[in-house]
Each structure stands twice: as structure tokens, then as C-alpha cells.
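Trainee: Could we go through this model together? I would like to talk about how its chains meet.

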Amino acid sequence: MKKMLVVFLFVAFSVAGCIGIEKVQDGENVQKILKIGTTMPIKADNIFVDYYFGILESVFNDRLFTIDERGKIVPELVESWKVEEDGKVWILSIVKNATWHDGEKLTAEDVAFSINYLKAKVPGFKAHLALVDRAEPIDKYTVKIILEKPWASFLANLVVVRVIPKHVWEKVENPLEYYGEDRNVGSGPFIYKGFDKTAGIITFEANKNYRLGKPNVDKLIFKLYKNTEAELMALKRGDVYTTYFYARGLDPIYVPALLADQNVRFLVETNFGVDNALWFNNKLYPYSVKEFRIAISYALNYSEYSKTITAGYAETPKAGFVPPGWSYYKETRELVRDLAKAAEILDSIGFKDFDKDGWRDLPNGSAFTMKITLRSDLPESTRLAEMIKRDLEEVGIRVKLVPVDGMSFRKIAEQERSHEVVISRTTMWGMMMWAGYGSGYVDSRNIGWANVEDQELHRIVDEMLKTTDEARVKELAHKIQDLYAENLYVIPLYWGKIIQPYRADKIEGLVYNPMMGILNKKTWFSVKVKE
Amino acid sequence: MRLELLGIAIISFFIFTAIFAPVIVGLIPHDKSEPYSPPSKNNLLGTNDIGEDVLVELIYGSRVSMFVGLTSAFVSTIIGSFVGIISGYYRGFLDDFFGGLIDLFLVLPALPLMILLAAYLEPSVWNIILVIALLWWPNTARVVRAKVLELRESQFVEGLRCLGANDLYIITRHIIPNVSDLLFANFTLSVARAILLEASLSFIGLGDPTYESWGSMLHYSMKRGGLLNGAWWSFVPAGICVSLATMSFMLFAMGLEDRKKRTKAIGLEV
């Protein structure tokens, strides 16, 4: 029995040792491996099934357009483009040296197929391509996209369109059920190698034939963690060299713990999204009353939210909602806490404590409770809600918090729009969609958490959707921010920073991108693994 | 006896704290400070992830834990004793029906089911009470049923029937008093379990986020960097309180059982 145990242990250690060596050595060359920790809950390696695996798609696939470090839309697979018929027809010339990982050439056929296929078969893309009538190849490297009506900001939608190989996907009837070996053939700098679900490891290898050259690292490994604590312990141990979560940096509450480790450094970047905001359902009374919303804005303690929720890595927001990183950002009035002013406005519009129970009632005398819906799966959101509740109660507004899970939240706020007030954040891309400047979240005709039907807002948005003239776009961008500031359809709670930790003793040269974070071309060609 | 007294002393302490929480909080320093500040003169047990006083949270947390523990144990004991008495006393179809129901609930994996229910229902203190009460009654029902089966065959119950006593009279005047010690012991054990369950549900984020409980203190500490920041004061006191409260009810129940055994041994039981 003992002998068997010794033999078993010997074999086990030998196998483990061999695996360890294989990871770092390839023949005589030591492989450069970049290990990234993530708490993104990836369950399946199909980009159409798993939202978070779809985020990693940018590692192994190129897109038509992308976002640069300053938040501008720049071409990736597209070489040049032109718009005809006032934004109704888009003609894209694509690069001629792109190839798929299986050696096939990437052509206009693939691009046209991708657009038509995504619109027809992948539910998540229907909204992005809602106004697309059809896409067709003109020649081998030129594709024509015909829209149902002009859409000036269509480029923002092309940023998220996945270009997939026609020769792989044309035979697939239901992409949500396809798990063929070639499902992750892409055209990007890395080649998908596999997902070990038991170990929680997703592996990519450098694409030596990539059109822009071979990336700096030979292998890219994503290690999945169930929680941030475990992920950051791994970072401190050096098991991973940096961390990643789409559109979100490190929760600032963890920064003090990491500051103590001299090997851990941070990239602190501008967040183009709004970290957290209070979204009123502007169709419902009393949230439809402008003065009421303004009174609420004076009751909130912005500096406290910034200090406690973000450990100071945020600034007090301005009433114009759109954060300062954006081009055509307009300085509007700063949001401040003034309880006397809040009380004065509430009194002036008839929200008084008629029954002397300590809570303000509606002007008709009936009791009023503000119901705030929040995501129970986001601890910072529940903490923030508790603080908002306390702040509003100080001016006599009774608040009921309604915690719901992520799926219910989307159902309530987006599909049913049955909410009164919600607490939620926006992503960078979310700020860009529809007519940009967060209009998709505000306008009742799009995602519409704020459910605004204001004719003035609709008029500005409609013009922004059509306008390609930069001077006019700037004018409209300023107008929409003024309108946000004046009406406070939504109250930003703080403008935070994106904090990206990394091990300075293991890697250098990470580049942050406002949309995809560190997963971008600049990183792949500038990152250096030190060991 | 000593165990029982120790249990009673700890329970009394927590109940006193829960009732007089606002008064006690008024007597201790509890300034709002930086997140995860260590214990100091201004914050005797330090601060949590949003700079609030941990001791104040602990004191208010005792309200939720005690309320959920006592209420859900009370409801589950009422349901369990009703089912147990009816089932054991009447037997026949009712016994088959309730017996099947008890067996069904007993084979269900309680904790996973509670997690599922708590996740499905809106997170609130009342839903937690409902979930614990609805899934914890079969334990009480089973032991009560066994005892009632024994009692219904006893000579004094037979005698009462012969004297023309109706079922309601026998149940309320003779059966219930004879199972009361069993019910009380089960009730105290149920409180301990309920406190632990509330803490477990809150810890995994299925509690009511609008009320501070010991479980939610642990939840926020774990989810918002308490461990990594070395802020032991944000989770150790809450853990100790959950353990102490659970232990105190257990000690009380054990003490009651010991007393019953002693009484039985000297032949004083009726």
C-alpha cells in the first residue's frame, strides 16, 4: 500500500513538474506568458452565448472600428469609409492583408455576411443593427451597408459588430448552440486555444501571422476567480500580473491594501462612463416635476459618496451628467448639497408634512414614499443606496429601497419601465450609443432608464442622429448637456476613475483603453513580461 | 444548570441590547471616520467599508438577528406543533397526509432551498422569516407527533375520553401542556438555527440590504475588501456575536434537556 502511494506521488509530482516546465519553456526559448486575473463570470466559450467571453473576443478577433485611448472611434479592419445619401449608405474599404487564423483571407464577403448574419440570428445584435437594411460586398475588399434611414452615429454601432468568418458560420443555423472546433476562429493577434472550466483558465497563443506583426507575449492566460479578494491575493502572490473586468476598474476600497505592496502599481484613468447615477422615471409623477428633481439633487451628499464609496478616487459631478473626458464636454454647474434649499423647493411645490408624521406628503395630502430600485448583486450599489436613503430622509422624503438581481433590474428598468427611481452606472460604449452623450439611457425611445419624452430632448437627439457636420455636433452636444443640467432627468452621483492594478516587477507597458481597458492592440505590442 | 444560566445570561444581554439599542448607541462615541479605520477612542471597534462605527452596527444588528431568530422560530414552532398534534392525535388520513408532508419537507435540502427561495423572493426581513419558518417546521412537527402518539394511547387520555371529554378539551388542556417542554426546547433550538440561517443568507447577499444584521456586516466586509485590508474589526466581532447568540440558545436548550432528564430520573414526571 505504502509502495503504491510512493509510486503514485512520484508520478503525480513528475506530471505536475512537466506541466510547469512546459508552461515557461518552448524548446530552448522561454515563453513570455501574460497572466490576467478576472472575476468576469465566464461559463461558455461561445461569443454569442456568454456575454463576458464575448468581451474577450477582442483578444482574438479584429473589429471594423475600435476606440482609441482618447475615446475616439478609429478604424481597425476598415481602411477608409465614406457616407452617401445623407448617412443612409455606408461604404467601407477593408484592409487587404487580414487573414483568419485558419489561413483563409478575410474579405468583404465576410464583413457583409457578418452584418446580415448577426442581425438575423443573434438577438443581442438586433438593437445595434436595428436600422440596417442589408450589407453587400461591392468587390473583394469593399462592402456597402444600406440603412433604412440616415443614422449619423452608426459608426458607434460598428464598434461592437463582430466580424466572423463566413466559411465557418454560414453552415451554422443557430449560433447560440454552436460549439464546433472552429467557433473561435478569428482574425486578431491571439489564437484561442481552450477553456479549462475546472481550472478556470482560458488560454490564447500569439498569432505569428497577424497582419500587424506578432504580439509581444507568446501566450495570454486568463485565470477566473470567484471573487475580488481571491483575485487580488493572486495578484499579490504573483500568480497573475494584472486584473481585468470589462468597463470597470478595481473597486477603490481595495487600493489601500494593495498600496502596501511595493510590487503592485496602478494605472489611474478617466472613466468615460458615469459610475453611479440616480435615474428618475420622468414619465411618473412626482418625478416628472422638474423642481422636485432639483430639490432631490440638493439633498444628496456627493462628496460623502465620493469619499466612502470610491475612497476618494472620484470627483463631485456636474449637473450636465456627461463626464469631462468626452470631446465637446461642457462645464455645467457643480452639484452641491444644500438641505435648506432642498427643503425650500419642496415646500414651494407643496411637498409638506400635512399629517405631522415626520414625512413629507404629496401636495394633495396623500403619503409619499420614493421607491429606489437597485442591484442587490453589487455591494457598492447597495451601500450607496443606504446613504442616499439617509440623505433623503434628512429632508423628510421617505424612501423604500427595492433590491433586485441584475436580470430583474433590466426587466424593470428597460422592458417594463415600471421603476420610480433606479441607481445604475453607464459604460463608455453606453454613453456613445444612440445619439451619444448618454442619450440612449435618457431618451424614452431607446434604453431609456430616465424615460424622458421631453420634445426638446427628442428634437436635439433626432438632429444629432442625422448630423455629420462637426461644428453642429459640438453645438448639439453642448445643448444636450445644458438640457441635462437644467432638467436633471438623471442625477450623477460621482464621476469616478478607472483603477488598473498590475505587478510592476512582472510586467510593464500596459496601455489603457477607455472601452476595452487593457485588452487592446497598444497593450499587445508594448507590454513586456519581465520574467 | 450552569450551562443553562450562562445561556440565559447571554440571551438576556442580546435582548437587552436589541431593545435599548438607541439608548446604548447614544452613550458610546461613534463618529463617522475614514473607511476601515482601526479601533480608536472615537470608534471603539473601528469603522466599516463606508466609515461607519462597527460597534453601532453590531448593536443595531442584534435587533435584526434577534427579531428574525425569535419570530421565525416562533412561527415554525406554531406550524410544527399544529401539524404534529393534529397528525399524532387524529392519525388516519390526516396522519398520512401530514406525515407525507413532513417526510417531503425533511428530504428537501433545506439550506439550498432557502437560498433559492430567498433569491427568488424580494430580499426583505419578512421574506427571510417566511423562508426559515416555512422550511423549519417539520423538525418540530416530527418530534411533537411522536410524543402525541404516545400520549393519545396513555391511560389518562383514555380516561378523559370515557368521561366524555371532547378532542378540543383533551388537546388544549392535556396534550399541549404535556408537549410544552418539548416545544420550548425545540423553539430555543430553532432560534439558534434561525439566527445562523439569517446570518448565512445575509452573508451570501440574500438578506435585506436595508437593515444591518450581523450577517450583512460579514457580507460587506467580505465583498468590500475587509479581509484584504486587514480590517479584522469589520468581521471578527460580527462573527463572535453570531456564534455567541447561537451558542447561548443551544446552551439554554441543553440545560432544559438536562433538567428534564434529572426530573425523569427522580420520577417526578407526571
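Mentor: Gladly! Buried area is the accessible area (1.4 Å probe) that two parts lose on being put together, summed over both. Bear in mind that this is a predicted model, where local features need pLDDT of at least 70 and side-chain atom pairs count only at pLDDT 80 or more, while totals for chains, interfaces and linings use all residues. Residues are numbered from 1 along each chain as its sequence is written, and side-chain values use heavy atoms, with hydrogens and water left out.

Trainee: What area do chain B and chain A bury between them?

Mentor: Contact, meaning heavy atoms within 4.5 Å, takes in 24 residues from chain B and 24 residues from chain A. Of the area buried, 55% lies on carbon and sulfur atoms. B:Ile50, B:Arg224 and B:Leu228 supply 32% of what chain B buries against chain A, more than any other three residues. The total for the two chains is about 2,200 Å².

Trainee: How many salt bridges does the rule find across the interface of chain B and chain A?

Mentor: A salt bridge needs a side-chain nitrogen of Lys or Arg within 4 Å of a carboxyl oxygen of Asp or Glu. A:Arg383 and B:Asp49 meet this way, at 2.8 Å from N to O. Across the interface the count is seven.

Trainee: Is B:Cys241 buried or exposed?

Mentor: Buried means under 20% relative accessible area, exposed over 50%, and partly exposed in between (1.4 Å probe, protein chains only). B:Cys162 has 69% relative accessibility, so B:Cys162 counts as exposed. B:Cys241 has 12%, and therefore counts as buried.

Key: Chains lettered and ligands numbered in written order.
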